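Dear colleague,

Please find below the structure for your records. A short account of the findings follows it.

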Amino acid sequence: MSQAVLERSTSPQVRLTKLFINNEWVDSAQGQTFETYNPATGEVIAEVAEGTAADVDRAVKAARAALEKGTYAKMDAADRGQLLFNLADLVLKNKAELAALESLNCGKTITDSLGDMQGVANSLRYYGGWADKVEGRTPPVRGSFLTYTLRQPVGVVGQIIPWNFPLAMLAWKLGPAIACGNTVVMKPAEQTPLTALRIAELAIEAGFPPGVLNVINGFGETAGNALCVHTDVDKIAFTGHVDTAKIIQKATADTLKRTSYELGGKSPNVVFADANIDEAVDGSFHAIYFHGGQCCTAGSRLFVEEKIKDEFVAKLAAKAKARRVGDPLDPNTQQGPQVSQEQLDKILGYVDLGRKQGAKLVVGGERVGGKGYFVEPTIFDGVRDDMAIAKDEIFGPVVSVLPFKSQDEVFERANRTNYGLAAAIWTKDIDKAHLYAKHVKAGTVWVNCYHVVDATTPFGGFKQSGHGRENGEAALELYTETKTVTVKLG
Ligand code: NAI
Ligand code: MG
């Protein structure tokens with residue numbers, strides 16, 4: 001593992017730090033600000049306006065007005081789609097700047113950030129294409145009636161997003177919301193507000209009328225909660241921790257607003273001895289260490305068939321030792337810092353717990369350098385299902401290797417979790433692969449691959465990994481109300 005190199009040649013400019021309401025840049029009602037950090041150094045990048053309930057209320061009023069009167073309310077569906085196409089084009093035009101800003105604020109490698117920006121554009125384009133294809137039906141009802149259904153927007157939508165994929169999560173939520181004619185109040189994660197603000201600026205350029213997209217920076221307990229309890233917000237879409245979702249579920253109970261959740265995971269990645277071992281090693285490495293493990297689908301429970309386990313772990317460990325951990329803005333870097341001191345502490349806490357509970361630390365386990373929030377790629381072998389490191393979402397570069405002997409055994413153990421976001425299997429046996437795909441309780445299953453996510457495919461969780469599906473046609477369900485209209489004939 002190389003030491004973190006913190007000198008960088010390019011440092012993106014930070015111009016936008018206010019709240020974005022009704023296409024205007026405003027200070028928070030009470031004038032407060034909060035600091036946003038560079039996780040590679042721990043240093044403050046900028047002071048950002050801190051929105052609270054009064055600001056959320058202003059944004060909701062703007063969103064409501066845009067929904068009900070004015071150009072957006074009257075806009076043809078195809079023209080709403082064009083807004084998303086325009087925004088996608090602008091994201092690609094400004095890809096280098098957006099990616100650098102994302103890396104600066106969230107610590108992901110510049111290579112990954114550039115990949116994310118392409119994903120953002122793909123997602124916005126995909127939903128731009130849906131805008132004029134959200135159709136109702138004409139059910140063949142009994143009697144002399146004509147019945148048809150209309151798919152109408154849910155209304156003003158509060159979107160609360162996390163720090164691990166700041167713009168990708170924004171795009172996954174903004175795209176379908178606009179395609180279906182909703183207006184949005186976006187609450188970026190407090191750790192990573194900067195790129196959402198730049199997108200807001202690009203949205204003006206893309207032709208978004210005032211009030212259609214509003215961005216309120218701030219903390220979950222204040223700004224986020226204000227959205228959840230607001231009587232004029234119709235829906236909350238959330239991505240983040242399962243415990244936060246439970247708080248939101250309670251906070252939204254009084255208004256019975258619609259909610260959708262995309263939460264964490266402890267995804268089982270199962271490797272059989274009949275797999276192509278080198279491909280399985282590479283894939284399992286990517287499964288856990290992509291974005292330093294800060295991924296809801298991270299393959300953090302690595303089940304390896306006992307007869308190949310030692311060889312497999314040795315190959316994985318060699319790759320872990322060779323990983324270049326360092327400056328996220330350096331194109332040669334393979335792993336940047338974790339996002340925050342809080343995440344660093346959480347991850348190192350789990351490493352300690354793993355050691356204490358008797359798992360074997362094969363490689364890693366330490367912080368890298370004394371500055372910034374870097375963690376070594378870490379492998380624990382000989383992990384048991386009941387250990388904390390095998391049960392809890394660590395959200396860092398820490399994998400638990402769990403040996404298994406038989407197919408029945410591993411299929412059963414794979415489901416022994418409250419989560420159900422993703423799962424993977426590595427084998428050349430198609431029976432085994434499809435049986436697993438059918439059996440495993442997860443919203444996404446990968447066979448001989450990992451982290452393949454596309455704008456066209458439904459994404460979400462079984463069990464406590466969430467409610468609803470984002471991406472694909474499925475997300476349109478989250479952003480429309482179906483209205484049945486019946487007309488008496490003759
Ligand atoms: P979090 O769930 O607290 O934060 C996610 C978003 O929710 C942020 O925008 C935050 O401001 C907001 N939020 C927090 N409390 C809220 C409340 N009471 N009402 C409304 N909104 C609220 O996640 P956090 O604390 O940043 O990370 C903790 C852990 O959560 C991570 O270690 C990881 O395990 C998990 N996580 C999972 C993610 C995923 O993609 N599924 C993304 C981020 C975190
Ligand atoms: Mg939190």
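Predicted model: local features only at pLDDT ≥ 70, side-chain atom pairs only at ≥ 80, totals over all residues.

Residues are numbered from 1 along each chain as its sequence is written, chains are lettered from A and ligands numbered from 1 in the order in which they are written, and side-chain values use heavy atoms, with hydrogens and water left out.

**Pockets**

The largest pocket holds about 790 Å³ of space. (A pocket is an open set of points on a 1 Å grid over the protein atoms alone, where a 1.4 Å probe fits, with protein on both sides within 12 Å along at least five of seven lines; lining residues have an atom within 4 Å of a point.) Its lining comprises 33 residues, and those nearest the centre are Trp163, Phe238, Gly240, His241 and Thr244. Two or more lining residues come from each of helix H8 (220-229), strand E9 (235-239), helix H9 (242-251) and helix H12 (341-356). (Helices, H or I with at least four residues, and strands, E with at least two, are DSSP runs numbered from the N terminus.) H8 gives the most, with five residues.

For the second largest pocket, the volume is about 540 Å³. Asp116, Gly119, Ala168, Trp172 and Val453 are the closest to its centre among the 25 residues that line it. Helix H5 (110-130) and helix H6 (166-179) each supply at least two lining residues, and H5 has the largest share, eight residues.

Arg80 lies in helix H3 (residues 77-93). With a relative accessibility of 11%, Arg80 counts as buried (under 20% relative accessible area, with a 1.4 Å probe and protein chains only). Beyond residues up to four places away in sequence, Arg80 touches Tyr72, Met75, Ala131, Ile178, Ala179, Cys180 and Gly181 (contact means heavy atoms within 4.5 Å). The Arg80 side chain also reaches the backbone oxygen of Ile178 at 2.9 Å.

Ile389 belongs to helix H13 (residues 388-391) and is buried, its relative accessible area being 0%. Leaving aside neighbours within four places in sequence, the contacts of Ile389 are Lys266, Tyr350, Gly354, Ala359, Phe380, Val383, Ile394 and Ser400. Between the C-alpha atoms of Ile389 and Ala437, 48 residues apart in sequence, the distance is 25 Å.

Yours sincerely

How values were computed:
Buried < 20%, exposed > 50% of the residue type's maximum accessible area, 1.4 Å probe, protein only. Polar contact = N/O pair within 3.5 Å; in protein donor to acceptor, adjacent residues only side chain to side chain. Points joined across faces, edges and corners; volume = space filled by probe spheres on them.
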